[in-house]
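Here is a short report on one strand and its neighbours, with a note on a surface patch. Please keep the viewer open while reading.

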Amino acid sequence: MSKKLIRFDWAIKRLLRNKANFVVLEGFLSELLFDNIKIEQILESEANKETEDDKFNRVDILTQNSKNELIIIEIQSCYEIDYFHRMAYGVSKSISENLKLGQSYSEIKKVISINIVYFDLGQGQDYIYKGKTDFIGLHQKDLLGLSEKQKSTFLKEDVSNIFPEYYLLKVNQFNGNAKDTLDEWVYFLKNSEVKDDFKAKGLKEAGIVLDSLHLKASEIFTLQTEAEFKVRVNEKIEIAENLLQIGLSVNEIAKATGLNVEQIEKN
């Protein structure tokens, strides 16, 4: 069995910013990055403009984990032909905004850009792609590495650990067959459902959190519907009062307004 839930892309912009629900995001990130991710804080996701023609750095969610890394999570439903460029801009902006005046370049935070798209972006048969920066020798074809001194100074093992890392999830390209725990998350992102046998980190909590959101949304809808109904009834009662004043019978007014006799005579 499975349960239909509110869409993750809707919830992440609202409820999942709450620290009490970090376990959901931590679960998703841990499965995607094959690491035990702990979120320290949610950062401001929209920077101030520096110049009149500067762009806002809008991202759905920007987090900082326990390793002092920045993790951008961007969710896009509508097709954007230049989305790759948007990814590059978001990462570059986040790097510059989080390096304060007077800090050395070595204090630049590693940025992990996670992009969940619900449209076909580029050409490729897979539904999860990873991009990183490696330096390959043009002649020797060797991978450029860090010196031992750099490793001990920066606490990094590879050059690529310094540069941004990109993940692209093309949700609609997933065939629905969840072969592992990461696939379970992709299944959830595509279908807004958590199957009973899913074991991925954070999915159980996601089901609980998003199901509560669904109930809350239902409560709000019910209250709105009741309020609208009361407004319509009050409008009809006002019309009934006017019709009574001009001499129409109760039965005639009931036919005209849809109110019952008791509602009309009460007023």
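The model is predicted.

**Strand β4**

Strand β4 covers residues 70-76. It is mostly covered: seven of its seven residues are buried. Leu70, Ile72, Glu74 and Gln76 point one way from β4. Ile71, Ile73 and Ile75 point the other way. Both sets are buried, Glu74 and Gln76 included.

**Pairing partners**

β4 pairs with β3 and with β5; the table lists both pairings.

| Pair | Residues of the partner | Sense | Bridges |
|---|---|---|---|
| β3 and β4 | β3, residues 61-65 | antiparallel | four bridges |
| β4 and β5 | β5, residues 111-117 | parallel | seven bridges |

β3 and β4 form a hairpin, with four residues between the strands. Asn68 sits in the turn and has a positive phi of about 65°.

How does the chain get from β4 to β5, and with which hand? The chain crosses through helix α3, residues 83-97, and this β-α-β crossover is right-handed.

**Surface patch**

Which residues form a nonpolar patch on the surface? The patch consists of Phe135, Leu144, Phe154, Ile162 and Phe163. Together these residues have about 410 Å² of accessible area. Leu144 lies in a loop, between β6 (128-131) and α4 (148-154).

Conventions
Residues numbered from 1 in each chain as written. Predicted model: local features only at pLDDT ≥ 70, side-chain atom pairs only at ≥ 80, totals over all residues. Heavy atoms only, no water. Buried < 20%, exposed > 50% of the residue type's maximum accessible area, 1.4 Å probe, protein only. Helix = DSSP H or I, 4+ residues; strand = E, 2+ residues; numbered from the N terminus. Pairing = 2+ DSSP bridges. Right-handed = clockwise from strand over helix to strand, strands pointing away. Patch = residues over 30% accessible without salt bridge, like charges linked within 9 Å, V, L, I, M, F, W, Y side chains within 5 Å. Areas by Shrake-Rupley, 256 points an atom, 1.4 Å probe, with all protein chains shown as cover. Salt bridge = Lys/Arg side-chain N within 4 Å of Asp/Glu carboxyl O.
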